[in-house]
Amino acid sequence: MRGFPDGESMIVAEELTKIFDDFLAVDRISLFVPSGKVMVLLGKNGAGKTTTVRMLTSILRPSSGSARVAGFDVVKQAEKVRASVGVLTEHHGLYGRMNTEEYLQFFGSLYGLSARESMQRAVPLLERFDLQVARKKRLSEFSKGMRQKLALVRALLHDPPVLLLDEPTSAMDPESARSVRDAIVQLRKQGRTVLLCTHNLAEAEELADLVAIIHGGRILIQETPEKVKEILLGAPEFEVKLARPLDAWPSGLPAGVTLRESDGDRARFYIESPAQTNPHFLRWMLEQHLEVISFQEVPRSLEQAFLELVKERESGEVYA
């Protein structure tokens with residue numbers, strides 16, 4: 001696992017552990033999330049994601065280890081941590097008898113905002129998530145997707161530098177989910193730091209600057225999405241399509257290029273360090289008088305890498 005300098009990190013967890021009675025829920029995890037980055041925490045149900053988020057928000061006290069969020073210790077400075085984070089949890093804590101305005105004004109007051117200040121901040125957020133028409137509507141009448149969006153508005157109301165979001169697009173229709181993903185991208189551009197838990201691996205791949213995979217309460221890998229795929233799936237694969245089929249490929253491939261398979265006018269290659277190797281490989285093909293129609297990377301998903309790591313772990317193989 002690659003660490004990041006503490007001075008650049010808005011979330012720093014070191015050897016963070018949580019034990020419930022005789023159950024080890026989180027086992028000595030370390031996380032480093034730089035300012036203005038989105039880290040996606042991936043793991044199966046029961047892997048320890050929610051417990052980790054609750055420790056980072058000072059809701060749960062760690063059994064051992066330490067963590068700092070926005071520069072504050074999650075145990076010694078719990079109130080300052082809570083004032084510095086916006087949290088979307090699995091259970092929203094919406095009060096059905098309140099309407100939208102009452103609910104947001106109530107939560108704004110907990111952060112020291114007046115009713116007027118709360119609504120000044122809330123209005124653009126409600127518009128962003130298409131909830132402006134529901135300002136006077138009681139929360140008991142909200143659909144599950146509307147509840148999810150309102151909980152996200154609440155998390156952003158006090159303008160926190162750090163966001164911890166647990167399944168933020170769960171139960172949303174595609175249009176609403178798109179608006180939330182766009183909002184996360186915009187928040188990153190504004191310099192916010194986001195720790196995102198999701199089971200939507202396509203969403204994770206779209207949003208993540210960094211990925212941490214947790215399994216059995218332990219962080220198995222923490223890297224950029226591309227690096228995760230490279231480590232777990234090997235060298236990237238590229239496909240070449242020719243104008244005419246070949247009986248066999250010429251010998252003497254450039255260093256770093258390995259033929260995986262060929263079939264007439266198509267062939268696939270493993271290529272190490274594509275940024276450096278591909279120009280030489282393309283030049284070599286032209287020197288061999290091969291009529292190249294296309295030369296492109298074969299898409300590999302974060303989902304493939306995640307499933308590969310989990311499969312290895314559950315089969316007893318040790319990831320190093």
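Which residues in α8 meet which residues in α10? The views below take up this contact and several others in a predicted model, in which local features need pLDDT of at least 70 and side-chain atom pairs count only at pLDDT 80 or more, while totals for chains, interfaces and linings use all residues. Residues are numbered from 1 along each chain as its sequence is written, and side-chain values use heavy atoms, with hydrogens and water left out.

**View 1. The protein chain as a whole.** The protein chain has 10 helices and 14 strands, where helices (H or I, at least four residues) and strands (E, at least two) are DSSP runs numbered from the N terminus. Taken along the principal axes, the C-alpha atoms fill a box of roughly 75 × 45 × 35 Å. Of the 320 residues, 48% count as buried, a term that stands for under 20% relative accessible area, with exposed over 50% and partly exposed in between (1.4 Å probe, protein chains only). Among contacts with a separation of 6 or more, 68% come from residues 24 or more positions apart, contact being taken as heavy atoms within 4.5 Å.

**View 2. The crossing of helices α8 and α10.** Pro225, Val228, Lys229, Leu232 and Leu233 in α8 meet Leu302, Gln304, Ala305, Glu308 and Leu309 in α10. The residues of this contact divide into seven nonpolar, one polar and two charged (Ala, Val, Leu, Ile, Met, Phe, Trp, Tyr, Cys and Pro count as nonpolar, Asp, Glu, Lys and Arg as charged, and the others, Gly among them, as polar). The axes of α8 (residues 225-233) and α10 (residues 302-314) come within 9 Å and cross at roughly 50°, the axes being lines fitted to C-alpha atoms, for helices over the stretch in contact, and the angles running from 0 to 180 degrees between N-to-C directions. The two helices are therefore oblique to each other, since angles under 35 degrees count as roughly parallel, over 145 as roughly antiparallel, 65 to 115 as roughly perpendicular and the rest as oblique. The crossing is left-handed, which is the name used if the near helix is turned anticlockwise from the far one by less than a right angle, and right-handed if clockwise.

**View 3. Leu220 in strand β10.** Leu220 lies in β10 (residues 218-223) and counts as buried, at 10% relative accessibility. Its C-alpha atom is separated by 8.5 Å from that of Leu309, 89 residues apart along the chain.

**View 4. The packing of helices α3 and α4.** Helix α3 (residues 100-110) packs on α4 at an angle of about 120°, with the axes 9 Å apart, and that makes α3 oblique to α4. The crossing is right-handed. Thr100, Glu101, Leu104, Gln105, Gly108 and Ser109 of α3 make the contact with Ala115, Ser118, Met119, Ala122 and Leu126 of α4, and by class these are five nonpolar, five polar and one charged residues.

**View 5. The buried residues of helix α6.** In α6 (residues 174-189), the buried residues are Ser176, Ala177, Ser179, Val180, Arg181, Ala183, Ile184 and Leu187. Their cover includes β3 (38-42), α4 (115-128), α5 (144-156), β7 (162-166) and α7 (201-207).

**View 6. His158 in the loop between α5 and β7.** His158 lies in this loop and, at 10% relative accessibility, counts as buried. Not counting residues up to four places away in sequence, His158 touches Arg82, Ala83, Val85, Gly86, Tyr111 and Arg121.

How values were computed. The expected span of a helix is 1.5 Å times one less than its number of residues.
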